[in-house]
Amino acid sequence: MAHPLLLASLAALALLAPYALACALVPFGACTRCHASDPLCRACDGTGRRVRLGRRAWTYLRALHDHATPTNPKEG
Ligand SMILES: [Zn+2]
């Protein structure tokens, strides 16, 4: 019989993997505030598309890593 923690980890991976793939391949999702019907929507600037929350988190963490990592002086 499988361990419950292993089953929970596999379930979390099964739920998160498609979302991470969607964030990587299609970083923009539909605007949930205006549903692309308000040209004056401040959340999406009237485009009807917004950056996904997972993509924003990835961009934040990537910038945090880049700022904390010293650059290689040999590369210029
Ligand atoms: Zn909108």
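The expected span of a helix is 1.5 Å times one less than its number of residues.

**Ground rules.** I am working with a predicted model, where local features need pLDDT of at least 70, side-chain atom pairs count only at pLDDT 80 or more, and totals for chains, interfaces and linings use all residues. Residue numbers start from 1 along each chain as its sequence is written.

**Entry 1, helix α2.** I checked the length first. Next I looked up burial (buried means 20 or more other C-beta atoms within 10 Å of the residue's own, exposed means 12 or fewer, partly exposed is in between, with C-beta atoms placed from the backbone). The number of buried residues among the 16 of α2 is 0, so this helix lies largely in the open.

The 22 residues of α1 should span 32 Å at 1.5 Å a residue, and its end C-alpha atoms are 32 Å apart, which agrees. I found a kink of about 25° at Leu-16, shortly before the proline Pro-18. The bend at a residue is the angle between axes fitted to the seven residues ending there and the seven starting there. Helix α1 is hardly covered, with 1 buried residue among its 22. From Leu-7 to His-35 I read 36 Å, C-alpha to C-alpha, for a pair 28 residues apart in sequence.

Two packed helices are described by the angle between their axes and the distance between the axes. Here α1 (residues 4–25) and α2 (residues 53–68) pack at about 75°, with axes 9 Å apart. That makes α1 roughly perpendicular to α2. The classes are under 35 degrees for roughly parallel, over 145 for roughly antiparallel, 65 to 115 for roughly perpendicular, and oblique for the rest. Axes are lines fitted to C-alpha atoms, for helices over the stretch in contact, and angles run from 0 to 180 degrees between N-to-C directions.

Which residues of α1 and α2 make the contact? I noted Tyr-19, Ala-20 and Cys-23 on α1, and Gly-54, Arg-55 and Trp-58 on α2. Contact means that the C-beta atoms of two residues, placed from the backbone, lie within 7 Å. These residues divide into 4 nonpolar, 1 polar and 1 charged. Nonpolar covers Ala, Val, Leu, Ile, Met, Phe, Trp, Tyr, Cys and Pro; charged covers Asp, Glu, Lys and Arg; the others, Gly among them, are polar.

Arg-55 sits in helix α2 and is partly exposed, with 18 C-beta neighbours inside 10 Å. Leaving aside neighbours within four places in sequence, Arg-55 is in contact with Cys-23 and Pro-27. Arg-55 and Cys-23 are 32 residues apart in sequence and 5.3 Å apart in space, C-alpha to C-alpha.

I looked at Ala-36, in the loop between β1 (28–30) and β2 (49–51). Phi of Ala-36 is near 60°, a positive value in a residue other than glycine. Ala-36 is partly exposed, with 13 other C-beta atoms within 10 Å. Asp-45 also lies in the loop between β1 and β2, and its phi is near 60°. With 12 C-beta neighbours inside 10 Å, Asp-45 counts as exposed.

Definitions and conventions:
Helices (H or I, at least four residues) and strands (E, at least two) are DSSP runs, numbered from the N terminus.
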